[in-house]
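Please read the following note beside the sequence and the model. Its points are numbered so that each may be checked in turn.

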Amino acid sequence: MRILLASASYLLAWSFMLAIKSDFALADLGGADITDKSGRNATGESYSARCGIKAVKCTVALREGRLVVDDGAGILSSQVVNVVTGRTCRQTSIIMPWVKSCYASQYDHDFTISYKATDGTEKSALIAFRPGYFHQGEEAYESFNRDLQIWMRQVLRPIGPSMEIEIKPAQ
């Protein structure tokens, strides 16, 4: 009986020491955290964007573990197949509206998100951010880009080679 009590008290003390040690090992970054309590969503902001082929105004948010457009049902990160980012000129000339005319800083930031719909089909959605006057859209794009990567738990990288080869000119 004494051996059993000694073993039980030894195990209890050992588990208490592990619990204390694990509290010191697991910590957080306090005021630097930008995720919600679940760790699935980032800032919780809503973003004004342009959606679909016709680039109509929409509101995009990451909330309750879902990517939501205009207060719809949204999708879970597990439904995402891939995300392709790009830049597109959608601005037209005032004098000739059939002519697209953009400076490099005026190109929209596009997110083409392919996902598995609830019926099992694969669909794609387009979410675009316009730079706007004084580049106020740039901040929304950068915040959404960061939030999307946190939500997906993946880093969005440009498609193509990851390094450039330096070629020395012939002398």
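Which side chain meets that of Arg130 in a salt bridge? The points below begin with the basis of the model and then answer this.

1. This is a predicted model, in which local features need pLDDT of at least 70 and side-chain atom pairs count only at pLDDT 80 or more, while totals for chains, interfaces and linings use all residues. Residues are numbered from 1 along each chain as its sequence is written, and side-chain values use heavy atoms, with hydrogens and water left out.

2. The partner of Arg130 is Asp108, with N to O at 3.0 Å. A salt bridge here is a side-chain nitrogen of Lys or Arg within 4 Å of a carboxyl oxygen of Asp or Glu. Arg130 lies in the loop between strand 7 (122-129) and helix 2 (136-152), and Asp108 in strand 6 (residues 108-116), so the pair ties together parts that are 22 residues apart in sequence. Asp108 is buried at 2% relative accessible area, whereas Arg130 is partly exposed at 32%. Buried means under 20% relative accessible area, exposed over 50%, and partly exposed in between (1.4 Å probe, protein chains only).

3. The whole structure holds 3 salt bridges. Another of them joins Arg63 and Asp71 at 2.7 Å, N to O; Arg63 is partly exposed at 33%, and Asp71 is exposed at 66%. Arg146 also pairs with Asp147, their closest N and O atoms being 3.7 Å apart. In that pair Asp147 is buried, with a relative accessible area of 1%, and Arg146 is partly exposed at 34%.

4. The protein has 2 helices and 7 strands, in the order α-β-β-β-β-β-β-β-α from the N terminus on. Helices (H or I, at least four residues) and strands (E, at least two) are DSSP runs, numbered from the N terminus.

5. The 7 strands form an open sheet with antiparallel pairing and the order 4-3-2-1-7-6-5. Strand 4 (75-76) and strand 5 (80-88) stand at the edges with a single partner strand each, so one side of each lacks a neighbour in the sheet. Strands pair if DSSP finds at least two bridges between them; strand 3 (residues 66-69) and strand 4 are joined by 2 bridges. Arg66 stands opposite Leu76 in strand 4.

6. There is 1 disulfide (a pair of cysteine sulfur atoms within 2.5 Å). The disulfide joins Cys51 to Cys58, S to S 1.9 Å, and both cysteines are buried. The torsion about the S-S bond is about 65°, so the disulfide is right-handed.
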